[in-house]
Amino acid sequence: MQSTSPQLIQVINKLRDTGAQSDFDIPRIVLLGASAEKSRIISSILGVDVQRGKQSCTFEYRLARSSAWKCRITIRREFDDDNEPLYPVSITDFGEISDDSTLGPAMKRAHFHIFHPECSLDKVMKVSMSELDKNIPTKAVHCLSRNVVCIELEGPELVDLTFFDLVDLDAQDGFETQLTIKELVLSQIKGNCLIIATIPMAGVFGSLKALNLAQQVDPKGVNTIGAMVIPPEPLNHVQTNQKFWVDIFEGRSNTLEHGFYCLNPMINSQGLSTSGFGMARDERSYFAITAPWSDMPNRDRFGMKNMLNALSGLLNQRINKSLSLLRVTASQYLNKCNQQLLEISDVNEPTTYMLSLLSHLSGEVQQAIHGTLPSSSLLQEMNELYSEFKSSIWKTAPTFVPLPRSANVDPDVICYLAGGGDEEISAEDSTPFYLDDMQKHIRRFTSSELSEHALHQAKLSLIASFQTSWAEAASDCLEKAITSVTKLLIERIQVNFTDHEVLAEQLRYWLAELITHHLEICSRHVETVLEVEFTPFTQHQQDLKKNSRLWQTKYKEVLKGGRGGSTARSTPALTPLPQFLSRLPSNISEAMKGNLSASQLQKGRARASFSARDDTKSQTSCASTPLVRPSGILLENDDPPRSEVGSLIDDPEYERDFQDVLEALSRLGYTGLKKEHLEVLRQRDEYEQELKLMADIRAYFQIAYQRVVDYIPSLVNLKLVKAIGDDLLPFFAEKLALGKAAAEESCAKYFAGDPDTASKREELISRRNRLENFQVELLKFGL
């Protein structure tokens, strides 16, 4: 491949010396891996055994083809001791080197000076190698640096190329330090970066740090090149695992767009091999005679020279592609920088400026509340919060089990009884209330007679029991809503007032008062809703009755064993027929009990004789005859109790069915019958009262649940979230006395003498100078 243009390399190198890399993603090549493999590769590239050892900072190698060998070492300090960017970038010159044997020691001295900038250059040059080794820091807190040792090297056999040798992945031991190394390296290999991931063939492919780290930022392998490094000593597993390594080399194990290269680096320019075979040979001859490499095609994938030529061409392409974009980007950045400088200059009209800042803040908060601010997730957070509240209320649904505790009820049956709504409830999340529990509960409110009032009190008590945790759920919803809203407001203040920290601090202080005010208002509304819910009431009587029937059917199904429940129960006693039925012809009374067909019923019409007087007597007899339940509890009548919860108005369809039956009997000559007379024909369940109470309570829960999961979130949204957003601008305007005589003075003090604003202005001026220098360097090269 054609070498990278020396002119383009010089442009990129010069831009880095101005610190342009802090503003632009400049194309670069990085060498990633452990110390041993990288040392062999670098020594082979430079043609010098540098004996670099483990390094804890980045080395930049600037290579250029030249007729004579010469080298210059510098230190480029881009960050201060607190890891903050420096401008202008500081360059420390170590001077030129003409003897390649002194390159290794000179690199080590520069490495030492990175961590000891307080030492003078003269002192560093006089320190012995043993002293250098002792004083290079090893503690985690000081062991790494983002500053760069720059090696500018010219020679007759070098390729025009610039690459970075990153911190060794094995530079320091210890879990904490390894994490720090990983974070540093990941930050340096992102963006417009070609990554050379070294793969020591002495290791297991899947566990290699270099390739794993590269895949984290380049999962598709677009920017990664694999450098397989043959070990310096012959290893049995390299020979025995030839297929494993061949699969890697040919891309069958891992796919990289630029593929893999196989290297056997030499330690010096004379080509002395460290492979241990006791023979002198260069890299090309090694791959020509050594299996399995000698039998493989793609000869341009073997050897250091081929990889360097490929890298040179790839870097050349990226630089050409990036420079035009860098020119445009530099102009945009410079315009934006100048605009920011104008914005933080001395304010001529502080009141107007203050109002514009607050208006912008209020607008962004309103956008976040309505879900139109891209950088905010408030709307999603609130929706998730409301869903959590809905789920917590649903889990309080009473789980009535129409079986005794001794029935050993299957958990699936409990789940079946706990569900029936928006979401399922597991057996673990429910607290079953069994049939015998209901009987005990009823007895708490009754003595010998089961009155309507007693049943009503028993029902209210159970309703109150499933509402006990609603106040806690509502409080939790309010607390989480306040947390999300507060986070948004603080974040938006930080973004909009980053140049006015004193003002931002004052707004954050006032913010607590605004939030507390609206929280108290919203809390009172929520308490009112809960107080209403704790006083059971509904006008949706048709829905209540319909749901009650559905649940009563479900409970009877379980009681009869239809959902895996126990079927061990006594046959319920039949309610005695009222006296008027005993006087009917036998075929008629049987028909009314469903035992005769319609034709049989028609035949009995001629024999029927039922006077109005008899009707009256039968009604009186029916009304005065108490219905007896097997348990011995007397029920005055069969009508459901009339209360704010339990009163069930007549269902139209249900009533029509009764009317149809009564009209049919009237046509047969049985006049004077009423609905109450037919009701007594029902076969009563042994536990009908308990099941009905369970069904009524479960049906009422559904209505109360639907109300509370709508009302509470609606109040939180209206009286807290939206109320704070609507009140934000007026509240801050009042605090700052905007619109009053003292407004000018009140606002001016927040923009005068702000140390953070001065610091920001200084930073922008430095960046503007850096961008202008960047443009000058491009112009120098005619770009």
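Reply: Let us begin with pairing: two strands are said to pair if DSSP finds at least two bridges between them. The model here is a predicted one, and in it strand E2 (residues 58-65) pairs with E5 in the parallel sense over eight bridges; as one example of such a contact, Arg65 has Gly155 in E5 as its bridge partner.

Me: In which sense do strand E3 (residues 70-79) and E5 run, and how many bridges join them?

Reply: E3 and E5 run antiparallel and are joined by seven bridges, and the bridge partner of Arg72 in E5 is Glu152. E3 is also joined to strand E4 (residues 85-97) by seven bridges, again with the strands running antiparallel, and there Ile75 stands opposite Thr92 in E4. The two strands E3 and E4 form a hairpin that has five residues between them, and Asn83 in the turn has a positive phi of about 65 degrees.

Me: Why is strand E5 described as largely enclosed by the rest of the structure?

Reply: Buried means under 20% relative accessible area. Strand E5 (residues 148-155) has six of its eight residues buried, so the rest of the structure largely encloses this strand.

Me: Which residues gather in the patch of negative charge on the surface?

Reply: For a patch, the residues must have over 30% relative accessible area and no salt bridge. In this model, Asp81, Asp82, Glu84, Glu118, Glu762 and Glu763 gather in a patch of negative charge on the surface. One of them, Glu118, lies in the loop between helix H3 (103-115) and helix H4 (121-126), and Glu118 is exposed because its relative accessible area is 58%, where exposed means over 50%.

Note on methods
Residues are numbered from 1 along each chain as its sequence is written. This is a predicted model: local features need pLDDT of at least 70, side-chain atom pairs count only at pLDDT 80 or more; totals for chains, interfaces and linings use all residues. Side-chain values use heavy atoms; hydrogens and water are left out. Patches are made of residues with over 30% relative accessible area and no salt bridge: like charges are joined within 9 Å, nonpolar side chains (Val, Leu, Ile, Met, Phe, Trp, Tyr) within 5 Å. Accessible areas come from the Shrake-Rupley method with a 1.4 Å probe; for residues, only the protein chains shown count as cover. A salt bridge is a side-chain nitrogen of Lys or Arg within 4 Å of a carboxyl oxygen of Asp or Glu. Lys and Arg count as positive and Asp and Glu as negative; His and the chain ends are not counted. The place of a charge is taken as NZ of Lys, CZ of Arg, CG of Asp or CD of Glu. Helices (H or I, at least four residues) and strands (E, at least two) are DSSP runs, numbered from the N terminus. Buried means under 20% relative accessible area, exposed over 50%, partly exposed in between (1.4 Å probe, protein chains only).
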